[in-house]
Amino acid sequence: MSNMGNNMEHNTAKKRRAIELGKDLLILLLCCSALLLAIRGQLFSSAPRLFGGQDSRQPGTAEPAVGVQADAACPLRLAVNLTGANGETARLGLQDDAACQALFQQLAAPLAEALSAADAPEQISRQQWEQALSAAPGVVLDFQSPMPLPVLVHWLAGEDAGLTAQTRRLALYVQGDGLALCWRDESSGGYFRTRAQGVNTRALSDALSGLAPNGAQFAFENPDYDRLDPDTLILPQTTSMPVYSVSDPMGDGRDSLETLMGYLNISADASNFYSAGSEQVARSESDSLRLSQSGFAIYEAGEARSGRFPVPVRGDQTTLADGVEACRRLAAATAGLQCGQARLYLSGVIQGEDSLEVCFDYSLSGAPVQLSSGHAARFWVSQGQIVKFELSFRSYAKQESTAALLPPRQAAAALAAEHPGHELLLVYGDTGSDAVSADWAAAGTSSQEEG
């Protein structure tokens with residue numbers, strides 16, 4: 001009996017230990033599950049998202065990550081003016097995306113300060129403009145397309161500096177105890193200068209210190225290029241450019257359309273689907289969204305104007321800066337999310353009396369991409385909302401191979417014979433093939449003699 005009692009106690013103790021071990025294992029599993037859920041939550045919360053399912057912010061107003069707006073202001077090319085050992089100006093020209101973005105991160109702060117503290121602009125002559133393009137220490141920012149100064153100030157400083165011009169090129173340089181800004185107004189063709197006195201000039205000088213010139217020139221500085229647009233920037237090291245493979249990241253079919261609807265927070269369950277030729281179409285309320293087999297998408301708001309993509313309204317109107325920024329966010333969350341190694345840049349703004357048209361295009365290695373389908377992203381804003389947009393989905397990947405180019409001097413001579421006064425420009429032509437390479441092209445003239 002004694003042995004039997006001992007065995008029963010021993011068995012009971014083993015059962016208790018087994019139960020306790022089971023409890024410990026259950027607690028451990030619950031902790032692991034909670035940890036996995038937390039990690040997944042972090043992953044999904046950090047993924048790019050235009051509109052949030054449980055996000056308390058209004059659609060289209062999600063704050064971008066730190067630096068996103070300043071990155072949007074980064075020019076495609078930079079010309080850095082340095083003071084050489086003999087006191088003459090030496091220049092570094094940059095077009096590579098990574099190099100431009102790295103330098104622009106250091107230039108953004110002094111540029112924002114100069115724009116914010118700028119006094120009233122004064123008109124200057126063409127000769128004074130050329131002097132500004134060569135002023136050292138200084139830098140010339142080339143945005144490739146007209147950049148509205150209210151948008152630039154908004155992206156850099158989040159405020160309104162009262163400057164209204166649209167400019168392709170902006171010169172920033174040290175002058176006396178402050179900074180000077182010069183630009184060409186693309187609407188009027190006139191040249192303007194403003195000063196920001198008393199601001200810290202050291203930040204600009206420090207950003208440019210340690211850089212080495214590479215012999216870049218503006219066309220007006222070299223008689224060999226006198227048949228080009230005088231503001232053309234000639235980069236002497238441009239002998240080859242990378243080749244990029246191209247693909248349609250969206251594919252075709254209803255699954256791809258539903259993926260795009262997910263980016264836009266349009267409910268697939270509350271939409272009707274049908275095919276129209278080579279397009280897949282979804283209708284949600286009175287709005288429509290189309291996606292073609294080539295990755296071209298069109299959204300149109302119905303007459304009821306659902307307000308699906310609102311734009312901030314201040315007082316009784318939408319400001320230019322707010323309208324462009326709302327379009328930038330939408331472009332970044334769709335075409336920009338799928339473009340691979342390309343970059344989206346602001347390529348056009350047309351402001352009507354009560355409407356706004358905003359365009360973005362792709363760039364590769366600092367050179368614009370010309371799409372046969374038009375723009376990478378194009379938006380129409382009216383009555384406080386985006387009422388229509390077009391998206392061309394393309395994904396680019398740099399290959400190991402490069403494409404040889406004509407030397408700039410030979411290319412300039414060839415193009416000037418047919419297009420005198422035009423700008424010599426590197427572009428990637430994307431006609432829908434599976435690879436693109438850069439070549440020289442003639443861009444329309446932008447500089448006219450003034451004063």
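Buried means under 20% relative accessible area and exposed over 50%, with partly exposed in between (1.4 Å probe, protein chains only). The model is predicted: local features need pLDDT of at least 70 and side-chain atom pairs pLDDT 80 or more, while totals for chains, interfaces and linings use all residues. Residues are numbered from 1 along each chain as its sequence is written, and side-chain values use heavy atoms, without hydrogens and water.

View 1. The side chains of Glu325 and Arg328 form a salt bridge at 2.8 Å, N to O (a side-chain nitrogen of Lys or Arg within 4 Å of a carboxyl oxygen of Asp or Glu). Helices (H or I, at least four residues) and strands (E, at least two) are DSSP runs, numbered from the N terminus. Both Glu325 and Arg328 are buried.

**View 2. Salt bridge between Arg378 and Glu357.** The N to O distance is 2.8 Å. This pair links distant parts of the chain, with Arg378 in strand E18 (residues 377-382) and Glu357 in strand E16 (residues 355-364), 21 residues apart. Arg378 is partly exposed at 27% relative accessibility, whereas Glu357, at 15% relative accessible area, is buried.

**View 3. Salt bridge between Arg168 and Glu423.** Their side chains meet at 2.8 Å, N to O. Arg168 lies in strand E5 (residues 166-175) and Glu423 in strand E21, 255 residues apart. Both Arg168 and Glu423 are buried.
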